[in-house]
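Let us walk through this model step by step. Keep the sequence and the coordinates open side by side.

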Amino acid sequence: MRLGVCYYPEHWPESMWEDDARRMKALGIDQVRIAEFAWSRMEPTPGEYDWGWLDRAIEVLGAAGLQVVMCTPTATPPKWLIDRHPDILPIGADGRPRAFGSRRHYDFSSPAYFTASQRICTAVAERYGKHPAVAYWQTDNEFGCHHTVVSYSPAAVGRFREWLKARYQTIDALNRAWGTVFWSMEYRSFDEIDAPVATVTEAHPSHRLDYRRFASDEVARYNRMQVEIIRAHSPGRPVAHNFMQLFTEFDHYKVAADLDVAAWDSYPLGALEEQWFAPEVKARWLRSGHPDFASFNHDVYRGMSKLPFWVMEQQPGPVNWAQWNPAPLPGMVRLWSWEAFAHGAGCVSYFRWRQAPFAQEQMHAGLNTPDNRLDVGGSEAAQVADDIRAVLAADADANAGIRSKVALVYDYEAKWLFEIHPQGADFHYPRFAFEYYSALRALGLDVDIVPVDAALDGYRLIVVPPLPVVPADFAARLAGSGAHVVLGPRTGSKTVDLQIPANLPPGALAAVLPLRVWRVESMRPNVTEAVRFVDNRDAAVDDGVARHWRDLIDVDGAAGPAASLDVRARFADGHPAYVKSGQFHYLASLFDDGLTVRLLKQIAEEAGIDATPLGDSVRVSRRGALTYVFNYGDRTHTLADVADDAFVIGSRAIGPQGVAVYRSGK
Amino acid sequence: MRLGVCYYPEHWPESMWEDDARRMKALGIDQVRIAEFAWSRMEPTPGEYDWGWLDRAIEVLGAAGLQVVMCTPTATPPKWLIDRHPDILPIGADGRPRAFGSRRHYDFSSPAYFTASQRICTAVAERYGKHPAVAYWQTDNEFGCHHTVVSYSPAAVGRFREWLKARYQTIDALNRAWGTVFWSMEYRSFDEIDAPVATVTEAHPSHRLDYRRFASDEVARYNRMQVEIIRAHSPGRPVAHNFMQLFTEFDHYKVAADLDVAAWDSYPLGALEEQWFAPEVKARWLRSGHPDFASFNHDVYRGMSKLPFWVMEQQPGPVNWAQWNPAPLPGMVRLWSWEAFAHGAGCVSYFRWRQAPFAQEQMHAGLNTPDNRLDVGGSEAAQVADDIRAVLAADADANAGIRSKVALVYDYEAKWLFEIHPQGADFHYPRFAFEYYSALRALGLDVDIVPVDAALDGYRLIVVPPLPVVPADFAARLAGSGAHVVLGPRTGSKTVDLQIPANLPPGALAAVLPLRVWRVESMRPNVTEAVRFVDNRDAAVDDGVARHWRDLIDVDGAAGPAASLDVRARFADGHPAYVKSGQFHYLASLFDDGLTVRLLKQIAEEAGIDATPLGDSVRVSRRGALTYVFNYGDRTHTLADVADDAFVIGSRAIGPQGVAVYRSGK
Amino acid sequence: MRLGVCYYPEHWPESMWEDDARRMKALGIDQVRIAEFAWSRMEPTPGEYDWGWLDRAIEVLGAAGLQVVMCTPTATPPKWLIDRHPDILPIGADGRPRAFGSRRHYDFSSPAYFTASQRICTAVAERYGKHPAVAYWQTDNEFGCHHTVVSYSPAAVGRFREWLKARYQTIDALNRAWGTVFWSMEYRSFDEIDAPVATVTEAHPSHRLDYRRFASDEVARYNRMQVEIIRAHSPGRPVAHNFMQLFTEFDHYKVAADLDVAAWDSYPLGALEEQWFAPEVKARWLRSGHPDFASFNHDVYRGMSKLPFWVMEQQPGPVNWAQWNPAPLPGMVRLWSWEAFAHGAGCVSYFRWRQAPFAQEQMHAGLNTPDNRLDVGGSEAAQVADDIRAVLAADADANAGIRSKVALVYDYEAKWLFEIHPQGADFHYPRFAFEYYSALRALGLDVDIVPVDAALDGYRLIVVPPLPVVPADFAARLAGSGAHVVLGPRTGSKTVDLQIPANLPPGALAAVLPLRVWRVESMRPNVTEAVRFVDNRDAAVDDGVARHWRDLIDVDGAAGPAASLDVRARFADGHPAYVKSGQFHYLASLFDDGLTVRLLKQIAEEAGIDATPLGDSVRVSRRGALTYVFNYGDRTHTLADVADDAFVIGSRAIGPQGVAVYRSGK
């Protein structure tokens with residue numbers, strides 16, 4: 001548990017650096033990320049490096065006792081490089097290059113950029129790799145931000161053809177896998193295949209999915225190149241990348257596999273505004289963020305990080321990039337910081353030290369205002385530093401890892417597949433995953449978020465939001481875990497080639513869940529279906545509504561003992577809405593929030609897990625010997641059963657935006 | 001009355017074909033459409049045909065007693081052809097080619113594609129034109145689908161210039177007809193004229209309308225080429241095309257004039273979702289479709305078909321291509337089938353035999369599920385086959401044509417003109433036509449839908465939705481018919497060159513309706529105007545609201561005896577809302593649904609037609625000696641006055657989604 | 001006070017001209033604008049002029065006693081010119097040329113067009129410059145209409161680089177001014193700088209603002225070229241341009257500085273429909289326009305015109321170009337005309353004499369219908385001519401100028417800056433300016449609208465809507481005026497380079513208003529904040545809600561005596577909402593309409609100005625010795641305190657759409 005900050009010495013007069021470093025340290029900050037956008041200062045002229053200023057900046061920071069997170073500057077290639085190699089620019093779906101003048105204006109498949117990146121990364125790593133103040137590295141910055149993963153350049157198409165050759169070996173195999181006989185889309189050679197874009201009506205979904213997989217792999221390859229250069233020149237320094245949770249056009253698991261630290265950039269207010277939430281939800285959590293959004297992402301990146309995950313950029317005040325940009329309520333910067341630690345973070349690093357008075361992000365707050373006074377976020381960071389001391393003093397094990405009884409399977413490819421192949425215009429995979437997660441959190445449960453190939457042993461409850469493509473061994477691994485398993489609709493609905501399984505959905509899962517999804521319906525936003533839960537004498541025990549989607553389930557038609565299927569809820573027209581077979585629970589739709597919570601509570605109890613409804617604004621996490629409680633609401637929340645002397649931070653009455661930490665044993 | 005199905009042998013193992021054919025026949029299917037997307041299998045390599053598989057498929061179908069509807073495969077040119085002739089690709093309004101990778105990626109004006117199409121059509125027609133199992137032909141597939149009529153290619157512009165020369169002879173004539181003196185848009189030669197696209201503000205409306213007319217003519221020319229090749233090689237086999245009612249960028253009448261059978265593709269649920277209806281209307285008819293939508297199109301294509309029209313593709317379950325895709329209620333596939341027959345269909349052909357597990361349409365239901373079990377639609381098709389036997393047994397004349405007392409004039413050019421020249425952002429010609437049609441159907445009336453140059457004798461009531469351009473002889477033909485004539489607003493408002501008539505609207509119709517539309521208003525969606533109907537003593541007899549549009553009518557200013565004009569309704573500000581002159585009724589606005597029904601009832605009665613309000617969910621049709629009743633609602637509808645023994649299908653109590661057929665005499 | 005009309009002799013048979021001229025004169029019209037779109041008739045073939053028709057048209061008009069407003073025809077370059085110089089076409093943000101076929105299809109930076117314009121303007125000015133009937137000139141037509149100011153052509157980029165060189169001298173100065181060190185956007189030479197378009201995420205705001213300033217300057221340069229040619233050949237004739245208030249992508253003040261008459265084109269109904277107003281507001285003022293919209297623009301152009309401003313085009317009936325196009329209520333054309341005169345107009349000129357039956361504007365009403373009968377607008381114009389005689393008879397000083405006690409500062413650059421840098425998606429500068437203006441008008445106040453560099457002496461109240469960039473001397477000029485000054489939020493929030501001021505907002509204004517805006521919030525449309533006004537004992541005296549934006553104000557943190565700051569209102573969370581320091585009033589948000597009116601009333605009274613709330617539909621203006629009252633509402637408004645014999649037009653009871661004019665002294 002430590003604090004960090006993002007700092008741009010190149011933005012400020014050198015005369016300010018020493019005071020900045022001193023004040024950072026005094027505030028309780030230990031690590032400082034620098035240089036991720038500084039290429040034009042490192043190499044102002046092609047081939048002529050200027051390291052002097054950066055040497056001095058690192059010196060000043062190191063001298064103040066700060067650890068440097070050194071970055072490669074590849075997110076912002078300078079103008080002279082673009083002018084020399086215009087083919088570095090990615091090509092949009094409109095067939096036009098995306099121009100210089102902001103950031104991330106490069107094509108992951110550009111050979112010229114790959115070479116240029118190797119060169120600058122090597123130069124930086126050679127110069128600073130063994131510098132005593134350099135403790136960590138960050139590759140590039142926010143891969144995928146601004147939707148920059150997919151490019152339609154000739155270079156990308158050329159590499160895509162190679163990727164396809166490697167995957168399918170023969171063009172006949174590709175034609176079969178995709179089903180190109182449909183609409184005479186057959187290819188005679190890999191060289192006939194273009195990018196799936198600008199077609200008259202939708203391009204072939206298998207073609208599109210493979211293009212997305214390819215584009216994701218290009219990001220992983222590019223990052224791996226950087227990691228290898230850094231490791232070669234900077235042994236022993238952990239390498240991180242700061243993922244941006246909103247941009248999931250590449251597989252974060254695959255990139256994280258090459259890293260030591262998966263970090264993410266946490267902007268709860270911007271994320272709320274830019275996501276799928278309804279306007280009234282956005283108004284409700286306007287200045288606090290949704291109680292489960294940061295938390296969800298903590299659990300995502302915790303799961304993929306070899307060392308404890310970091311928040312590389314923590315929102316310190318209003319941002320500039322959402323449609324509307326409110327200010328966090330007083331206390332929220334502290335609350336968010338503690339929520340990260342409670343979920344296992346090793347470091348919370350604020351973005352940025354001081355608000356810059358110029359350029360695109362001049363309206364993005366920092367810990368200090370542009371006139372260099374401490375901002376609210378800065379004061380709260382100082383308070384967090386104090387809190388950390390209290391917590392570490394209270395629990396030697398406070399930095400422990402987290403192991404939950406509940407796992408939620410989260411998959412990037414699922415998101416791409418449903419974007420390509422939604423069948424209902426607003427079908428949004430993250431929404432399903434998030435609503436299940438939110439219900440689990442509203443029950444006070446700690447949740448691991450894991451990839452589909454994760455080890456599942458030890459969990460008592462595994463929740464699988466719509467997972468279209470299931471690995472061959474998934475059913476066996478789920479069954480072998482002994483856990484109760486909740487499967488969302490559309491799970492097992494596609495093969496890896498984006499075809500319907502020969503036995504219909506849930507495909508390979510029919511081995512453990514002998515049902516057959518013979519038909520589906522997507523539902524308009526102004527349509528819901530009533531759902532009625534029944535007990536084993538078919539008496540109503542609960543009800544609610546279903547939204548977005550219906551799987552129509554044939555309980556008799558699938559291979560396997562239908563008798564083992566228990567229909568626990570039905571839609572108004574009699575179709576099963578929820579069926580159970582042993583430890584497997586299949587949901588045919590997305591239920592309303594309240595019903596989802598009640599249902600998961602019941603299943604959790606069947607799985608032997610205590611689940612206590614907390615309402616929508618209080619959240620609880622456990623790490624080491626401590627329990628952390630957060631109040632996102634506007635009324636005081638009182639913990640009835642905790643002894644007064646158990647509190648490390650706060651007390652039994654937790655005010656709005658308040659945090660309490662207590663020894664769990666008490 | 002017979003059933004058909006769409007079948008893709010190339011999608012399935014040859015080992016399944018025989019069983020498929022047997023099961024089709026057993027289900028009651030008589031005709032099978034094939035091969036419309038099979039070019040890449042017919043000619044996998046340029047110039048090298050592979051007919052073997054298709055020979056065998058036709059053999060299998062014929063041997064099972066099925067009649068083949070053979071298609072030309074031109075809707076999906078293969079990749080090798082596009083790579084050889086990239087100028088086949090149409091050019092969008094954005095100036096970019098629309099790429100290979102879905103379907104309909106061709107430019108009707110491309111000389112290379114015209115030649116290639118002649119070649120493949122000749123090859124197919126030569127090979128199968130006289131095959132005993134081949135009973136019918138279909139040209140191409142769904143002309144215009146995905147908005148593929150208008151292209152902005154150099155080839156199109158070149159042919160447009162020729163088209164203009166043929167129409168106007170001299171550039172001076174064109175300049176006068178268009179009024180290019182406005183904004184200095186004058187041309188000095190036809191070669192100066194470009195496509196009306198990408199201009200700073202709206203392009204010249206006459207220019208745009210002519211470009212649309214030209215593009216429509218290109219479709220007719222292309223289809224005619226195919227029909228002529230088929231007729232040369234396959235004498236005696238009727239030729240059809242399957243129109244897609246949503247795509248009206250070409251004149252369906254003109255294409256149908258070259259065909260024997262006008263067929264259409266009926267997707268009531270997809271069409272509801274994709275059309276102008278309000279969200280609550282879409283929710284109301286979610287799983288049945290709007291009661292008048294399929295019906296409207298049956299009457300459209302019935303009117304333009306020389307032989308009885310067909311439904312070439314009948315929705316059998318959920319589709320994949322609408323924004324949201326609900327499933328039809330049980331019974332709806334049967335109901336839709338019978339509604340087609342009741343409107344005069346010769347064949348209802350389901351799309352498709354079996355849901356494909358791959359490619360773009362893998363979520364489109366068939367009569368069978370992908371795992372080859374009979375789906376709900378398949379069961380209902382079998383029931384329809386049984387029903388047909390009962391109906392044919394009950395009425396020797398069951399296949400008779402239909403002749404209605406009511407005609408509705410429907411015009412494609414009117415739609416284009418109002419799209420180009422709306423004056424109100426949501427002015428939508430099909431909506432006006434549909435609301436009048438729906439009101440007539442809600443009164444239990446059978447309706448012919450006819451082109452503006454149709455013979456009008458024999459009708460008692462003719463309804464003309466906004467028809468901007470009226471032929472010179474239209475007034476005389478209307479008057480000569482002896483029918484009562486209801487004219488929507490904006491009728492006669494433009495000359496053929498898209499100018500305002502010299503005498504103002506209704507232009508040439510002022511001869512029979514001596515009024516003068518001196519001003520118009522388009523109305524925002526949140527604005528309505530009260531309308532008050534008066535009797536001949538000016539006492540209020542009915543009221544309602546007007547929407548979308550107001551013609552402001554001068555009853556004294558036009559040539560002709562104003563005294564003959566009877567103002568039967570006024571807007572709140574006193575302007576006439578409905579005027580009558582002899583048998584001519586002019587509506588100055590679009591009234592609310594209820595008022596439209598009451599008004600048309602009154603006019604129908606003046607015309608000597610019985611009109612019985614049926615409400616919004618029951619519909620009635622008559623063909624031969626039988627009356628067909630359809631219940632789209634969710635409550636049982638009871639026929640009070642029909643004898644029990646009159647029923648051929650069903651009974652007096654018609655449940656939701658139910659069909660009843662009874663001998664009309666009883 | 002005189003009337004004019006826009007006339008297109010080239011659209012009509014020459015045989016109609018004489019009658020047209022006679023009827024114009026008889027109607028009371030004195031001046032006729034012609035020829036602004038007639039290039040293709042003036043020069044039908046390159047280099048070969050045809051002046052005959054125009055000579056004759058001017059002869060006819062002059063002979064009827066009409067004064068001609070002669071136009072340069074450069075808004076519509078003919079096809080042959082475009083074909084010879086395709087680089088005349090502007091390039092859109094999509095990188096594509098905007099095509100020939102409507103109007104304004106030229107790039108202000110095109111050298112070919114500049115030369116061609118010089119040539120045609122010289123030809124026209126030479127021919128008609130000294131013609132006795134030619135009394136005035138208009139340059140071009142509606143600069144900027146259809147968003148035609150900004151082009152991304154190579155010519156524009158080339159000239160932009162020169163513009164930057166002139167502004168910054170050295171590339172280092174530019175890099176510093178913009179802050180290009182951010183994201184490595186540094187340039188090594190001016191030739192590396194492109195247009196700020198098509199970037200991955202937002203382009204640099206300073207870059208964008210400079211590009212907008214450059215594009216605006218190009219318009220001024222182009223207009224100046226025309227004015228100089230006209231002045232050289234037509235001495236003594238005032239030169240006008242007709243600004244289109246909706247299109248503010250160039251600085252109207254800068255163009256007006258080269259003119260004698262600032263004219264504008266007043267379309268109250270089209271403007272209402274196309275502006276930011278909510279649908280219910282659009283329905284409310286559907287057929288009258290918003291009571292303050294034309295008025296606002298009268299005051300804008302009055303302020304920048306050396307001679308009395310004109311309405312060059314006055315809406316005479318429905319237009320064709322808004323989303324929906326209702327008709328004005330009877331009386332509105334007269335009311336609008338009088339409102340213009342009441343605000344100081346020298347001429348109101350109707351667009352157009354007669355509705356054209358062809359081309360893009362065939363649905364745009366004129367004073368006469370296409371069949372050449374007088375339309376409602378024509379009758380009302382005749383009535384205005386009568387009214388003018390009465391008014392001139394009643395007050396020898398009726399044509400006097402207007403000098404108000406209240407000034408509102410309006411700035412074009414502010415609009416561009418906030419478009420580029422909104423921080424809240426719906427932040428719309430004109431809305432803020434308009435709401436303040438509307439509140440002042442609802443208090444019966446006459447308002448001058450002035451540029452930021454205007455002389456401010458003599459005003460008692462100066463209202464400054466959000467003005468991000470304040471000149472260095474602005475605080476001193478405001479203070480020196482002695483007026484009370486109301487400043488909207490975000491005032492002083494940026495430097496001229498679009499950076500945050502070193503002392504934070506309000507930057508240079510902190511000298512007179514010692515506060516510090518340390519944080520801001522943009523607010524979603526579904527979020528408001530309660531505001532509570534307090535007296536000096538902190539008791540609540542009024543309340544309301546704040547919308548859109550909050551400046552969070554530090555009253556202690558700025559330089560200067562904080563004690564001088566009086567917090568007169570607070571948001572619910574305690575932050576100041578309205579603070580006062582001496583004569584300076586700072587509003588931290590946009591308050592609801594009612595609260596804004598009450599607040600400005602109170603401040604007006606502090607400033608010694610009488611302010612009488614008029615409600616939302618009655619408006620009052622004063623010019624010379626007369627007071628003008630306008631009733632936009634639907635109920636009669638009665639003036640209680642005016643003597644019956646004071647009325648020059650109308651009487652004490654002013655009906656809906658009514659006008660009354662009375663001697664102010666009575």
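H1(A) and H3(A) are roughly parallel to each other, because the angle between them falls under 35 degrees. The model is a predicted one. H1 spans residues 14-27 of chain A, and H3 spans residues 52-63 of chain A. The two helices pack at about 25 degrees. Their axes lie 9 Å apart. The crossing of H1(A) past H3(A) is right-handed.

Which residues make this contact? From H1(A) come Glu14(A), Trp17(A), Glu18(A) and Ala21(A). H3(A) contributes Arg56(A), Ala57(A), Val60(A) and Leu61(A). Sorted by class, the contact of H1(A) with H3(A) has 5 nonpolar and 3 charged residues.

Now turn to the strands of chain A. They form a closed barrel of 8 strands. The order runs S1-S2-S3-S4-S5-S6-S7-S8, and the pairing is parallel. On average, neighbouring strands of this sheet are turned by 30 degrees against each other, with direction ignored. Strands of a sheet pair through backbone hydrogen bonds, in either a parallel or an antiparallel sense.

Strand S2 of chain A covers residues 29-34, and strand S3 of chain A covers residues 67-71. They pair in the parallel sense over 4 bridges. Where does Val32(A) stand? It is opposite Val68(A) in S3(A).

Next, step back to the chains. How is chain C superposed on chain A? A rotation of 120 degrees does it, with 0.0 Å of shift along the axis. The RMSD is 0.0 Å. The two copies are thus related as by a three-fold rotation axis. Look along that axis for Asp94(C). In chain C, the C-alpha of Asp94(C) is the nearest to the axis, at 5.3 Å.

Finally, consider where chain C meets chain B. The contact takes 48 residues from chain C and 40 residues from chain B. Three helices of chain C each supply at least two residues to the side that touches chain B: H2 (39-42), H4 (79-84) and H11 (279-284). Which helix gives the most to that side of chain C? H11(C) does, with 4 residues. By class, the side of chain C that touches chain B has 22 nonpolar, 15 polar and 11 charged residues.

Note on methods. Residues numbered from 1 in each chain as written. Chains lettered and ligands numbered in written order. Predicted model: local features only at pLDDT ≥ 70, side-chain atom pairs only at ≥ 80, totals over all residues. Axes fitted to C-alpha atoms, helices over the stretch in contact; angles between N-to-C directions. Parallel < 35°, antiparallel > 145°, perpendicular 65-115°, else oblique. Left-handed = near helix turned anticlockwise from the far one by under 90°. Contact = placed C-beta atoms within 7 Å. Nonpolar A, V, L, I, M, F, W, Y, C, P; charged D, E, K, R; others polar. Least-squares fit on C-alpha atoms with pLDDT ≥ 70 in both. Pairing = 2+ DSSP bridges.
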